[in-house]
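Please read the following report alongside the coordinates.

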Amino acid sequence: MKAKTILITGAGTGLGKELAVVYAQQGHRIILVGRTETSLNEVKEVIESQRGSGIVKTCDITDPNAVQEMIQQLLETETIDQVINNAGIGYFRTLQDLTMTEISQMLDTNVKGTIYVTKAVLPTFLERDSGKIMNIISTAGLRGKVQETAYVASKFAVRGFTESLIKELAGTSITVSAVYMGGMDTPFWDDSDFVTDRSRLRSASEVAREIVEREDEEKLIIE
Ligand SMILES: NC(=O)c1ccc[n+]([C@@H]2O[C@H](COP(=O)([O-])OP(=O)(O)OC[C@H]3O[C@@H](n4cnc5c(N)ncnc54)[C@H](OP(=O)(O)O)[C@@H]3O)[C@@H](O)[C@H]2O)c1
């Protein structure tokens with residue numbers, strides 16, 4: 001298998017971290033993206049302790065200029081082969097109890113962040129007529145759920161974006177896929193009491209291994 005350079009957003013914790021570790025174990029170089037440098041550096045250390053290779057880029061993906069600048073800088077020294085749009089946030093309450101700020105943070109991160117990163121990397125993929133884009137969605141991108149209105153809206157949006165981009169890039173060798181998984185025990189739930197028993201959720205490392213095994217599926221559902 002040819003070693004790739006894979007950019008993962010939200011790579012400092014949870015699923016992003018586990019995907020970084022599994023892909024690094026397979027010999028791929030990982031570009032770890034997130035807002036918190038310390039957690040990204042910790043993941044880089046884990047990867048390097050297993051003889052893998054990773055680099056850290058701090059970036060708030062809700063800022064389109066910062067995203068553009070990050071990708072431009074990276075392309076001076078790296079060839080990006082794959083992007084995993086994994087960074088995401090969720091607030092789980094009834095619509096009447098969600099704040100306007102929480103709603104816009106979810107849409108800005110989950111929807112616009114995914115679109116900004118994809119758009120910033122697309123020119124180099126088109127130029128080389130190769131590349132892989134994987135969008136981490138959720139079963140919240142498959143059906144509506146109580147107390148998840150705005151989160152589900154954001155994930156339906158990423159699904160629509162993904163399905164449309166697949167069609168738009170059909171004549172190229174660039175592949176685009178979506179991953180729909182159920183609950184995982186990650187820091188995603190740290191500030192929430194929405195999930196009462198986190199021990200019943202799947203571990204992120206188990207889900208990451210399954211994603212990597214099935215990475216060629218255009219619509220990957222893990223329930
Ligand atoms: N946990 C679940 O039950 C579950 C289920 C289905 C789908 N998902 C989805 O899986 C993905 C990963 O979530 P997770 O469970 O692994 O949660 P997590 O541990 O909270 O990971 C989310 C990551 O996104 C990063 N992030 C958030 N906002 C960002 C921003 N503006 N710019 C750059 N990075 C940002 C966070 O790092 P910083 O705060 O340092 O930036 C964090 O490392 C999300 O898209 C989530 O919606 C989760």
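## A loop residue

D191 lies in the loop that links β7 (184–185) and β8 (202–203), where strands are DSSP runs of E with at least two residues and helices are runs of H or I with at least four, both numbered from the N terminus. With a relative accessible area of 81%, D191 is exposed; here exposed means over 50%, buried means under 20%, and partly exposed is in between, with a 1.4 Å probe and protein chains only. Although D191 and Y91 are 100 residues apart along the chain, their C-alpha atoms are separated by 9.2 Å.

## Basis of the values

The model is predicted, so that local features need pLDDT of at least 70 and side-chain atom pairs count only at pLDDT 80 or more, whereas totals for chains, interfaces and linings use all residues. Residues are numbered from 1 along each chain as its sequence is written, and side-chain values use heavy atoms, with hydrogens and water left out.

Strand β5 (residues 132–136) is mostly covered, since five of its five residues are buried. K132, M134 and I136 point one way from the strand, while I133 and N135 point the other way.

Strand β4 (residues 82–85) runs parallel to β5 and is joined to it by four bridges, pairing being assigned if DSSP finds at least two bridges between two strands. Within this pair, N85 stands opposite N135. Between β4 and β5 the chain passes through helix α4 (residues 100–128), in a β-α-β crossover that is right-handed, a term used if, with the strands pointing away from the viewer, the path from the first strand over the helix to the second runs clockwise.

Strand β6 (residues 175–181) is also parallel to β5, with five bridges between them, and A178 in β6 is the bridge partner of N135. The chain reaches β6 from β5 through helix α5 (residues 149–168), and this β-α-β crossover is right-handed.

## Around the ligand

The ligand is surrounded by 29 residues, of which the closest are T13, R35, T36, Y151 and T186; a residue belongs to this shell if one of its heavy atoms lies within 4 Å.

A ligand nitrogen atom is 2.9 Å from a side-chain N or O atom of D60. A ligand oxygen atom is 3.0 Å from a side-chain N or O atom of K155, and an oxygen atom of the ligand is 3.0 Å from such an atom of W189. Taken alone, the ligand exposes 880 Å², and the protein buries 93% of that, with areas from the Shrake-Rupley method. Helices α1 (14–25) and α5 are the elements that give two or more residues to the shell.

Terms used:
Polar contact = N/O pair within 3.5 Å; in protein donor to acceptor, adjacent residues only side chain to side chain. Areas by Shrake-Rupley, 256 points an atom, 1.4 Å probe, with all protein chains shown as cover.
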